[in-house]
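Here are some notes for a colleague who will be looking at this model alongside the text.

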Amino acid sequence: MKEDVESSIPPLQETIIDIELTNLQKTIYKTIYEKNKGTLQKGLGLQYVSMMNNLEIQLRKCCNHPFLLQDIKEHLIVDCHSYEKYYEKMLSCSGKMILLDKMVQKYRLENKKILIFSQFTEMLKVIEEYLSHNAIVYEKIDGSTKAKDRQTAIDRFNKHADEFGVFLLSTKAGGMG
């Protein structure tokens, strides 16, 4: 338990923010669901459990960012002939990215630190693109981060406690220790 190892950590304050899907996300979500609705209605048993798990993952990816669905991403960026157009598309396609942009700007001005967790490492890569575009230095821990490099990243992030910073963590790797 946290209380057993670190008594200086304040109590958790949780704020739940409902983020509406963009119109594009709603359209993609509905298309993915409608395409698979027949199978859902048939309830064909265990042989379709894998298919339904995959459907759930696809819908969750859509809710995070349409760029997590490779075919959709390729379709969305086909007309992006400059990095600026690509960046605008990356930002505007996802309700979560729109909110993230506002929060990063706010916390940057307030010199607060941000921890961003995601179950999808692909989403962390999208956020990395966003941070790089905005010249924001960040740390990251995911499954590809070597054990010896994890503490170094944490130490760099904590070095200047009163400065703005962003730390990206996969829920699996960031939740270990």
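1. A polar contact here is a pair of N or O atoms within 3.5 Å, where, within protein, one must be able to donate a hydrogen and the other to accept it. Please keep in mind that this is a predicted model. On that definition, the side chain of Asp142 makes a polar contact with the side chain of Ser144, at 2.6 Å.

2. Where does Asp142 lie? Its place is in the loop that runs between strand S2 (138-141) and helix H8 (147-158). With a relative accessible area of 6%, Asp142 is buried, because the cut-off for that term is under 20%. Leaving aside residues up to four places away in sequence, Asp142 touches Thr121, Arg150, Ser170 and Ala173.

3. Helix H7 covers residues 121-133, and at 1.5 Å a residue its 13 residues should span 18 Å, which agrees with the 18 Å between its end C-alpha atoms. The buried residues in H7 are Met123, Leu124, Val126, Ile127, Glu128, Tyr130 and Leu131. An α-helix has 3.6 residues a turn, so residues three or four places apart point the same way. After H7 comes Ala135, whose phi is positive, near 55°.

4. For the protein chain as a whole, the secondary structure comes to 9 helices and 3 strands, which follow the pattern α-α-α-α-α-α-β-α-β-α-β-α along the sequence. Of its 177 residues, 33% are buried, and carbon and sulfur atoms account for 53% of an accessible surface of about 12,000 Å². Among contacts with a separation of 6 or more, 68% join residues 24 or more positions apart.

Methods:
Residues are numbered from 1 along each chain as its sequence is written. This is a predicted model: local features need pLDDT of at least 70, side-chain atom pairs count only at pLDDT 80 or more; totals for chains, interfaces and linings use all residues. Side-chain values use heavy atoms; hydrogens and water are left out. Helices (H or I, at least four residues) and strands (E, at least two) are DSSP runs, numbered from the N terminus. The expected span of a helix is 1.5 Å times one less than its number of residues. Buried means under 20% relative accessible area, exposed over 50%, partly exposed in between (1.4 Å probe, protein chains only). Contact means heavy atoms within 4.5 Å. Accessible areas come from the Shrake-Rupley method with a 1.4 Å probe; for residues, only the protein chains shown count as cover.
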